Amino acid sequence: MTSIRWLISFAFFVMVSSVGFFWQYQSQMLTTNEQQFLLSEITNSEAITVERRLYRSLSATDILAIEIKQNNGNFTDFDTYAQAVIDSMGGISNLQLAPNGIISQIHPLLGNEKAIGHNILRDDSRRNEAILAISKRQLTLAGPFKLVQGGIAIIGRKPVFFNVDGKDTFWGFTSALIYLDKLLAVTKLKELESKGYHYSLSRIHPDTGQKEVFARSKDRLDDISQSAKIELPNTTWTLTISRASLNSKSNFFAYFVSLLLGLLAAWLITYLQRQPELLQLVVKQKTAELEKLAFNDHLTGLANRRYLNKYLEQFLFEQKRYNKTAALFYLDLDNFKRVNDSMGHNFGDQLLTQIADRITKSVRVGDVVSRLGGDEFAVLLLNTDSVNSISKIAEKLIEEIKQPVIFGDRSFVLSTSIGITLIPQDGNEVLELLRNADMAMYSAKNAGKSRYSFFNQKLQQQAIERHRIETELVTAVKCHELVLHYQPLVELKTNKVISLEALVRWQHPEKGLIYPDRFIGIAEDSGQIVEIGYWVIKEVCELISRRENEVDAQPSIAINLSPKQFEDPNLLDNIRIIVSETNIDPRLLEIEITESSLMTNLAEALYVIEQLRAMGIKISIDDFGTGYSSLAQLKHFPVNKLKIDRSFIATIESDRSDHKIVRAIIAMAHTLKILVVAEGIENKHQLLLLKNSKCDIGQGYLFSRPVKIEQLKELNCNWNEL
């Protein structure tokens with residue numbers, strides 16, 4: 001009996017101790033899994049950063065190739081054009097042109113002079129990549145390799161072909177050289193290294209077939225690591241990140257406790273037998289939570305950008321085998337920044353959550369809805385190639401998002417612009433499809449927002465044209481290509497011109513007169529509008545100064561102030577300097593500020609207006625009725641004039657609601673002692689309705705188109721007959 005008891009006790013001791021050991025082992029595995037998931041997230045994020053930056057820099061070769069083709073192989077202003085491309089793309093060390101494979105032009109040339117005349121196809125140790133580029137007719141990547149002047153670099157070469165007598169003829173290469181250290185500077189690898197992580201960046205060498213590590217941390221990789229592939233033209237890089245295991249050594253004390261529990265807690269056998277099952281359940285739950293964090297947006301619960309990328313990769317792989325079709329929507333909420341600025345980020349987050357829910361309910365079960373970041377969303381419509389059905393879903397999304405969002409006693413209305421690209425018609429690569437949808441979305445925004453646009457090849461040409469205009473604008477002011485035209489504002493009671501509005505035009509040396517709708521938006525996006533705005537102010541002030549000596553009673557001149565210039569901290573100082581230098585009567589200068597500019601920051605806008613008024617400058621609110629302000633808010637702004645947006649005037653004859661709105665604006669403005677200007681008057685019936693509504697001033701083609709200042713004297717100003 002004693003031996004049996006001993007055997008039972010021993011068996012129970014072994015059982016309980018084993019469970020304790022298993023518990024400790026599973027705990028170590030759980031911690032290790034958490035580290036692996038964290039490393040996977042970090043590694044994939046940094047790999048995407050490297051890949052995105054490298055592709056963006058390499059796209060410079062495409063831009064150069066397009067320019068060469070459009071100019072039949074000539075490139076007369078390569079240095080200026082190359083510098084503009086380097087400034088806009090970033091991360092590029094130099095750009096090269098190599099007609100027939102011989103390097104003829106490099107920018108910047110300093111430090112690269114020895115490369116001029118170098119024959120890539122004959123002398124270069126990396127000639128294999130160049131020959132491969134010609135044979136495949138696509139961009140290839142050479143390197144990384146050590147430079148003679150020091151450092152490690154990568155060079156992308158794009159072969160350029162011309163169609164000569166029906167045959168494609170090789171012209172040469174456009175190349176972009178990128179320093180590896182500048183490429184890695186956009187990542188967080190150095191920061192991660194300071195926190196105990198280690199990394200390596202490697203590839204399979206094309207000549208030896210052996211693994212080559214070309215970038216790494218000071219210390220070698222640890223036992224726990226994760227790798228991510230960086231797919232590049234004609235090669236694949238591998239990014240590996242590791243961190244020392246927190247459980248590399250056995251926890252002796254934990255095992256000792258397990259033995260002690262085996263001796264003292266035999267009666268807990270039933271409970272302890274269940275622990276492995278419970279622990280496995282915990283491991284599964286933790287694993288599921290980590291996967292959710294890796295692939296889901298924390299705010300809306302939708303799939304995130306990483307999940308969409310992986311899903312698209314899998315879908316494109318299957319599409320090639322099973323001929324699947326789909327449509328990718330890229331959604332961006334219009335003017336969402338105003339919500340955060342005026343209502344706060346907490347309100348903005350709640351708004352995004354409701355919008356995410358509306359998008360999900362507007363598409364079919366099984367379609368993929370994701371939040372890409374900020375106020376950008378994406379929808380992948382599966383198994384559809386009908387443009388009609390795709391358009392209906394896009395229209396449904398726009399209408400659903402337009403519905404008012406109500407929080408307590410507040411109501412807010414948003415709109416969205418949607419870009420659509422079709423699969424496989426528009427591309428078969430993830431980055432290409434996302435870029436196409438993004439371009440289509442910006443096309444929808446430029447067309448007036450709250451609409452959708454399908455991707456087409458014209459959008460690529462528009463992007464190139466946009467870049468060209470942005471580049472040429474840099475020299476437009478310096479070369480005196482910008483000119484001002486003036487449109488009169490007529491007092492409706494007396495039919496006399498009481499002021500002029502200065503409107504900028506671009507007298508292009510090759511394309512002739514370009515109107516502002518072609519370049520002002522680009523100037524706004526690039527920030528060049530600020531410089532153009534100050535040029536306009538100076539030109540107008542100089543004109544006023546000259547006319548003070550020529551004309552006894554001259555009308556004031558109005559200038560449109562862009563939203564970006566209105567936010568310039570140096571605005572007031574610069575205007576004071578210009579007015580002082582030109583020595584004009586500031587009462588002859590009038591500044592028009594758009595309603596949307598005022599509503600961005602009410603307190604700051606009020607301060608700027610008060611300072612301008614203190615100088616003696618008149619203030620007008622332009623495009624009134626299109627923003628978020630109300631008539632009641634006018635009392636806060638000490639303005640002289642209010643210009644009703646031309647969209648109301650265009651429909652004043654046919655839309656009774658617009659007519660009532662115009663009359664209400666005029667009545668309220670008069671109560672506040674503010675003059676009212678109606679812009680966009682094109683016919684006598686509109687003029688009659690405005691006169692009957694007591695409007696003070698009129699402006700539009702009925703009176704005069706914008707003309708040069710010299711032509712104003714030649715106008716037939718017999719408006720008493722109108």
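# Briefing: selected local features

Asn583 counts as exposed at 62% relative accessibility (exposed is over 50% relative accessible area, buried under 20% and partly exposed in between, with a 1.4 Å probe and protein chains only). The model is predicted, so local features need pLDDT of at least 70 and side-chain atom pairs count only at pLDDT 80 or more, whereas totals for chains, interfaces and linings use all residues. Residues are numbered from 1 along each chain as its sequence is written, and side-chain values use heavy atoms, with hydrogens and water left out.

- His480, another residue other than glycine, has a positive phi near 60 degrees.
- The loop between helix H14 (457-476) and strand E17 (482-491) holds His480, which is exposed with a relative accessible area of 67%.
- His107 and Pro108 are joined by a cis peptide bond with omega near -5 degrees, and Pro108 is found in the loop between strand E2 (105-107) and helix H3 (127-136).
- The peptide bond between Ile423 and Pro424 is also cis, with omega about 10 degrees; Pro424 lies in the loop between strand E15 (416-423) and helix H13 (430-446).

- Ten of the 13 residues of strand E5 (residues 167-179) are buried, so the strand is mostly covered.
- Strand E4 (residues 152-164) runs antiparallel to E5 and pairs with it over twelve bridges (strands pair if DSSP finds at least two bridges between them).
- Val164 has Lys167 in E5 as its bridge partner.
- The hairpin of E4 and E5 has two residues between the strands, and Asp165 takes a positive phi near 55 degrees there.
- Strand E1 (residues 94-99) is joined to E5 by six bridges in the antiparallel sense, with Leu95 opposite Ala176.
- Thr235 lies in strand E9 (residues 235-243) and is buried at a relative accessible area of 16%.
- Leaving aside residues up to four places away in sequence, Thr235 touches Leu141 and Ile230 (contact means heavy atoms within 4.5 Å).

**Helix H16 and cysteines**

- Helix H16 (residues 529-548) has 20 residues and should span 28 Å at 1.5 Å a residue, which agrees with the 28 Å between its end C-alpha atoms (the expected span is 1.5 Å times one less than the number of residues).
- Buried residues of H16 include Trp535, Cys541 and Arg547.
- Cys541 has a relative accessibility of 0%, while Cys479 is partly exposed with a relative accessible area of 47%.
- The whole structure has zero disulfides (pairs of cysteine sulfur atoms within 2.5 Å).

**Aromatic rings and charges**

- The structure holds eight aromatic pairs (rings of Phe, Tyr and Trp, the last by its six-membered ring, with centres within 6.5 Å; planes under 30 degrees apart are stacked, over 60 edge-to-face and the rest tilted).
- Phe75 and Phe78 form an edge-to-face pair, 5.4 Å centre to centre with 85 degrees between the planes.
- Phe75 is buried at 13% relative accessible area and Phe78 is buried at 1%.
- Phe75, Phe78 and Tyr81 are linked by ring pairs into a cluster.
- The charged end of Arg137 sits over the ring of Phe161, 4.5 Å from its centre (NZ of Lys or CZ of Arg within 6 Å of the ring centre and within 35 degrees of the ring normal).
- The charged end of Arg705 sits over the ring of Tyr701, 4.0 Å from its centre.

How values were computed:
Helices (H or I, at least four residues) and strands (E, at least two) are DSSP runs, numbered from the N terminus.
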